[in-house]
Amino acid sequence: MSAQRESQSNRGRLIRLSISAAANGLSRNRLATIAATTTMTLMLMVLASVLVIRAGLDAALSYADSKVEVIAYLKSSVTESEARGIQVQIEGIEGVKGATYVSADDALAAFKVRLKERGEPDLTGNLGVNPLPASYEIALDNPTDTGRVADGLSAIPDAASISRVIDGRALAESLVAITGALRIVGLIIVIGFSLAVLAVVVNAIRLAILARSDEIAIMRIVGASATWVRLPFILEGLAIGAAGALITLFIFGILSASIGAVMLNLFRVLPVQTSAILAGQVSLSVIAAGLGLGALGALLSLRGRLN
């Protein structure tokens, strides 16, 4: 029992000594520590920015997906009862989630509301007749089905009653292509910065090893294991990563309101809540990336040097 207690006491003392040695090492190599922490912070800022932008893209894509639909305009000669019969045929097309009938009067009323919202004059009263046709707004199971649904409208029995079809095929394809390209670019940028961070952290730890070569030799002489010799340097890498993560989160916390305004102006959608992102996904990702890169950089710098 006493041997076990003594072993735990020695382990605790070694951990405290390792933490003290790591703090002294960071203090001695201030320039390298500042350079590594600054580079780490810049990389984590880029990572956080990519995550926020990606969240905005996902929200914008989801919002746009919900708006992608096919609109089938009916000929003016089609009566409302005939139009109701066409609805059954439209809803029978594969990929159609539902079809909403919009009468000519409803279409004109909605058009007048849009004019009022834009502050534009309403001149429709001067026409004497309603120039807008009745239509069906067709919701889709999947935005990529726009082409198939649009083609399917030409094959229904009452296809002759449809004067024109507008589909969001080009919009859906553009959104998918743009989102995919931006994600790839973001991933490349994060990988590039990560490699730069690793290089700086590795160099900083190597400088610390060279500066403390005498201490390391003494630790070996007194019988310290390789694990205890390496631990202070690993703690230095973790400290650099943690400092970079905390600085990044602090900066993003200050700029959260401004970031939210930029996201709203950039993507024109409301689902993005910067504070929620910062508290959740971004915070965890930044902390994990900072600690992971710091520890990995320390392990790479120690490889083959303290055997």
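**Surface patch**

I began at the surface, where L42, V185, I189 and F193 form a nonpolar patch with about 320 Å² of accessible area together. I took a patch to be made of residues with over 30% relative accessible area and no salt bridge, joining nonpolar side chains (Val, Leu, Ile, Met, Phe, Trp, Tyr) within 5 Å and like charges within 9 Å. Accessible areas come from the Shrake-Rupley method with a 1.4 Å probe, and for residues only the protein chains shown count as cover. This is a predicted model, in which local features need pLDDT of at least 70 and side-chain atom pairs count only at pLDDT 80 or more, while totals for chains, interfaces and linings use all residues. Residues are numbered from 1 along each chain as its sequence is written, and side-chain values use heavy atoms, with hydrogens and water left out.

Which helix gives the most to the nonpolar patch? It is α6 (residues 169-211), with three residues. Helices (H or I, at least four residues) and strands (E, at least two) are DSSP runs, numbered from the N terminus. I found F193 in helix α6. F193 counts as partly exposed because its relative accessible area is 32%. The classes are buried under 20% relative accessible area, exposed over 50%, and partly exposed in between (1.4 Å probe, protein chains only).

**Overall layout**

I counted ten helices and four strands in the chain. Along the sequence I read the pattern α-α-β-α-β-α-β-α-β-α-α-α-α-α. Of the 307 residues, 37% are buried. The accessible surface of the chain is about 17500 Å², and carbon and sulfur atoms hold 62% of it. I then looked at contacts, meaning heavy atoms within 4.5 Å. Among those with a separation of 6 or more, 85% join residues 24 or more positions apart.

**Cores**

Next I looked up the nonpolar cores: sets of buried Ala, Val, Leu, Ile, Met, Phe, Trp, Tyr and Cys residues joined through side-chain atoms within 4.5 Å. The largest has 32 residues, of which M40, M43, L44, L47, V201, F233 and V286 touch the most other members. Helices α2 (30-67), α6, α8 (226-254) and α10 (274-302) each supply at least two residues of this core. The most come from α2, with ten residues.

What does M40 touch, leaving out residues up to four places away in sequence? I listed V197, V201, I240, G241, G244, G290, L293 and G294. There is also a second, separate core of 19 residues, which includes L74, A134, L140 and I162.

I checked two C-alpha distances. R54 lies in helix α2. R54 counts as partly exposed because its relative accessible area is 43%.

Q281 lies in helix α10. Q281 is partly exposed, at a relative accessible area of 48%.

**Salt bridges**

How many salt bridges does the structure hold? I found two, taking a side-chain nitrogen of Lys or Arg within 4 Å of a carboxyl oxygen of Asp or Glu.

One joins the side chains of E80 and R84 (3.4 Å, N to O). Both residues lie in helix α3 (residues 80-91), four residues apart, about one turn of the helix. E80 is partly exposed at 44% relative accessibility, and R84 is partly exposed at 41%.

E94 and R148 form a salt bridge too (3.8 Å, N to O). This pair links distant parts of the chain, 54 residues apart: E94 is in the loop between α3 and β2, and R148 is in helix α5 (residues 146-153). E94 is exposed at 57% relative accessibility. R148 is partly exposed at 42%.

I then looked at the cover of α5 and found six of its eight residues buried. They are T146, G147, V149, A150, G152 and L153.

**Confidence**

Last, I looked up pLDDT, the predictor's confidence in each residue, from 0 to 100. The chain averages 77, and 79% of the residues score at least 70. By element, the lowest mean is in helix α9 (residues 256-267), at 63, and the highest in strand β2 (residues 96-102), at 86. Over residues 269-274 pLDDT stays under 50, and the model has 14 contacts there beyond four places in sequence. Where pLDDT is low, the predicted coordinates should not be read in detail.
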